[in-house]
Amino acid sequence: MPNSSMSFVDAAWLAMEDPRNLMMVTGVLILDGRPDPDRLRSMFEERLLRFDRFRQRIERPPLGLGMPSWRDDERFDLNLHMHRVALPEPADKEALETLVSDLLSTPLDLTKSPWQIHVVEYGPDTVLVARLHHSIADGIALMRVLLSLTDTSARPDRRRKMKDEKEKAATADPWRRAGEWLWTMGSDLAREPARVLASSAGVGAGAAATLAQLAMLPEDPPSVLKGPLGVAKRAVWSDPLPLPEIKKAGKRHGATVNDILLSAVAGGLRRYLLERRALEDGLEVRATVPVNLRPPDASPELGNRFGLVFLPLPLGIEDPLQRLREMHLRATDLKSSMQPIVAFGVLHALGMLPGLARDRAISFFGSKATAVITNVPGPQKRLYMAGRPLRQVLFWVPQAGRLGLGISMLSYANEVVVGVAADVGLVPDPERMVAAFHDELEQLLAL
């Protein structure tokens, strides 16, 4: 791949890098058993490094004037990006969460291609912890890339290769459907956000009105979940949750899986704040939710192609059914909103701003929310990686706007896993938040 200037949006994510808020996308893949080390390495060489970006490093402009660029790394060595780790005994989930937390708190080496994969011995099993800088790709892109490393059988052969690719393409459809409704609003909006936002006619006028509405949003109210950040982060995640039961609950209440999960998250945050005696009457906070802007038939690609919506969470509603209905109404309203397109345009503009102006803009938009929530529907068929069954997948995106709380929801193989990544100074006990989410979801499923 030839050397190239970084896109404005990718440059914006690079510029947001801060020791207290690292701009990394982190994925965790848990495999049954131990894959052959040579086969695992060959898989990365053949399937990951086919994306030239993973062999390139970032070159910043002299004196900070101009755009950063991607340059081929003549000294690229895969060994510098793959690391083997053995968890200390008892090598349980708590030890794995501690390792992932440490990695979430550790910056990538930006003098090399900014990504790493840790191959972790997890008792008799194996965990891959993939970290890549947000300037390379967003969370949807990362999951598509990781999906491209998998097979639909433990022992694929050349005769099955074409069939596997077709099956994997069908399996990948849920990733694309996550943003399909938005793509129908017009591909020009995603390809040329600056031109569209500058237009005074048609959809450009609507985008301008939406931008004005976002600018006028009041700041999120103060709470224990929002404040100055430190370096240390903690990552925890739930036990696998049954997706079929969540779907049945959604049908009973005229809601989607997304509505059920978001309502359980809001209820879990409410319970957590009550436990900390920090819930104000009628409290509502907003979450920024990434929305994919790629076309529904897009092949795996790198880069950042997503927008954001600001979703108010009704923490003040005690009744779980009433809260679910309200969450359904709010999520439905946002589906027809132009917020994702406008947010993409704002990120595009941030990449062009000088440092001080950019920092002020990031702080301004960060003040409008308290958390980042991601919800990605993944493949429901069991996949394999380097011959071993892929048991579980979870991931986190960085908290743009210097937010201290990230909540991720990902479904795979008829299960859902919810992960929490939090600044230790704000949320020292995220496991209590996960437990509260479990309690709320069980209550919704039992209604």
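How do the residues of the lining of the largest cavity divide into nonpolar, polar and charged? The legends below take up this point and others, for a predicted model.

**View 1. The largest cavity and its lining.** A search of the whole structure turns up six cavities of 30 Å³ or more. The largest cavity has a volume of about 170 Å³. Its lining is made up of 16 residues. Nearest the centre lie L22, L104, K233, Q399 and A421. By type, the lining residues are ten nonpolar, four polar and two charged.

**View 2. Elements around the largest cavity.** Look for β2 (24-31) and β16 (415-423). These are the elements that give two or more residues to the lining of the largest cavity. The largest share comes from β16, with three residues.

**View 3. Helix α1, mostly covered.** Helix α1 spans residues 8-15. Of its eight residues, six are buried. They are V9, D10, A11, A12, W13 and L14.

**View 4. T150 in its loop.** T150 sits in the loop between α4 (139-147) and α5 (158-171). Is T150 buried or exposed? Its relative accessibility is 1%, so T150 counts as buried; the cut-off for buried is under 20%. The side chain of T150 also has a polar atom 2.6 Å from the backbone oxygen of L147.

Technical notes: Residues are numbered from 1 along each chain as its sequence is written. This is a predicted model: local features need pLDDT of at least 70, side-chain atom pairs count only at pLDDT 80 or more; totals for chains, interfaces and linings use all residues. Side-chain values use heavy atoms; hydrogens and water are left out. On a 1 Å grid over the protein atoms alone, a cavity is a set of points where a 1.4 Å probe fits but cannot get out, and a pocket is an open set with protein on both sides within 12 Å along at least five of seven lines; lining residues have an atom within 4 Å of a point. Grid points are joined across faces, edges and corners, and a volume is the space filled by probe spheres set on the points. Helices (H or I, at least four residues) and strands (E, at least two) are DSSP runs, numbered from the N terminus. Ala, Val, Leu, Ile, Met, Phe, Trp, Tyr, Cys and Pro count as nonpolar, Asp, Glu, Lys and Arg as charged, and the others, Gly among them, as polar. Buried means under 20% relative accessible area, exposed over 50%, partly exposed in between (1.4 Å probe, protein chains only). A polar contact is a pair of N or O atoms within 3.5 Å; within protein, one must be able to donate a hydrogen and the other to accept it, and residues adjacent in sequence count only if both atoms are side-chain atoms.
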